Amino acid sequence: MRLLVGSASDVGRVREGNEDAVRVDERLHLFAVADGMGGHRAGEVASATALEALRAAVAAGRPISEAIESANTAVFAKAHDDENLRGMGTTLTAAVATDGNSIVIGHVGDSRAYRFHDDELEQITEDHSLVEELVREGRLTPEQAVVHPQRSIITRALGVDESVLVDVYPVDLDPGDRVLICSDGLTTMVREVDIARILRREHDPQRAANMLVDAANAAGGEDNVSAVVLEAASDDPPRGERADLTTATPLVPTTPAAVDSAEASEAEPQADRASDAVIDEDLPRPIRLAPRGTTRRLFRFLVWLLPVAIVVGVAVGAVAWYARKAFFVTFDAGRVTLFRGRPGGVLGFEPTVERRTPLRVSDLTEADQADVRGKKKFTDKTRALEYLSALQRKADERRAVAATTTTTSPAPPAAPPPSTPIGP
Ligand code: MG
């Protein structure tokens, strides 16, 4: 029997970084999904670190439970050594093909593995989550768990303690059986009946993985979403991208981008985490509250709004600067007046009076009148003031000439000095 595989991972519609990571290792027949948590990129580091350590351990021939324990050790050590990564952790659900007819699944956290057998979807793994434990104890119904506000709190993860308990599930596969490994970004957004419907309808594993991710995004994409779809195919002649596991032909991950997709992207601050969750004392100790819900959406909105506000602010500032850096001289209320701004204004920034002179239209030469009527423009205030001074000087000279001609024509020999009132 041959094993076919398709995988996809996506940031979703709400979050900025993809803290999920997917590993499809062709040579080792290893398939895994990790869902990291931790602020400032730590979640991405956690999921990528876990998958790399898992791969190395499987390559060294370690069984899946030990390989996941060593992934735990790697994440725990990294979180311990680097203050920026403290508190990070990750889920890990991994399948290793043991032979052509079976796989073994190792699991920690709330990512899931399903088997699709005889057209029915069966959940293989048990979530290590608060709501699942409450369901098992009979304190919540499965329906209540789906919509529970604390459904993202997980009670077991890699990187949190020095040791971790790994659940192991051997799974026999009949020809045609599929195995789906996915992060909670799929199962919280898409109902199991719809997951089953997609697997029933889409036979190509890669297209099925893509459709599952698309369905999560169509439902809101509130979390990172990852899916790996395996299919146990009978030994019919290979078609297309199929690969033969039993003859050790490398498996073909049909979407290279989906292989180990811990993408480099900005992880978000996660202020609204487990610390502010209110949990009963007798409940299992929560170690994560996945950042979802109203607070997160508000935060997301603000994060989105801030750059927009900055861009708008810069644009308004640029317009204001452009509008206000110029000067012009024109007649206003019959006087020569200096304005700051541009004639007519720019996008609501109207010119304002900078200085009003006593000069009237008649004080100016005809050439100067024409210049001033045409709104004489200046790029700086000093030049504009120099221009006003020149107008004033010319006006004074013209007055002086006029006064001289009027006073000298009668030529009285003993003209009295101008009567300047100095005092009583
Ligand atoms: Mg998740």
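I looked up Asp368 and its contacts (contact means heavy atoms within 4.5 Å). Asp368 touches Tyr387, Leu391 and Lys394, leaving aside residues up to four places away in sequence. Asp368 is found in helix H9, residues 366-373. I noted that helices (H or I, at least four residues) and strands (E, at least two) are DSSP runs, numbered from the N terminus. Is Asp368 buried or exposed? Asp368 counts as buried because its relative accessibility is 7%. Here buried means under 20% relative accessible area, exposed over 50%, and partly exposed in between, with a 1.4 Å probe and protein chains only.

I noted the ground rules. This is a predicted model, where local features need pLDDT of at least 70 and side-chain atom pairs count only at pLDDT 80 or more, while totals for chains, interfaces and linings use all residues. Residues are numbered from 1 along each chain as its sequence is written, and side-chain values use heavy atoms, with hydrogens and water left out.

Next I checked strand S2, residues 20-25. S2 is mostly covered, with six of its six residues buried. Asp20, Val22 and Val24 point one way from S2, and Ala21, Arg23 and Asp25 point the other way. S2 pairs with strand S3 (residues 30-37) in the antiparallel sense over six bridges. Two strands pair if DSSP finds at least two bridges between them. Which residue in S3 is the bridge partner of Ala21? That partner is Ala34. S2 and S3 form a hairpin with four residues between them. In the turn, His29 has a positive phi of about 55 degrees.

Then I looked at the open sheet. Its five strands have the order S1-S11-S10-S7-S8, with antiparallel pairing. The edge strands are S1 (2-10) and S8 (120-123), and each pairs on one side only. The twist averages 20 degrees from one strand to the next. Helix H7 (residues 205-218) packs on this sheet and touches S1, S10 and S11. The direction of H7 makes about 25 degrees with that of S1. Axes are lines fitted to C-alpha atoms, for helices over the stretch in contact, and angles run from 0 to 180 degrees between N-to-C directions. Five bridges join S10 (residues 178-182) to S11 (residues 225-233). Arg178 stands opposite Glu231 in S11.

Last, I looked up the largest nonpolar core, which has 29 residues. Such a core is a set of buried Ala, Val, Leu, Ile, Met, Phe, Trp, Tyr and Cys residues joined through side-chain atoms within 4.5 Å. Leu54, Ile68, Leu92 and Leu158 have the most contacts inside it. Helix H1 gives the most to this core, with eight residues.
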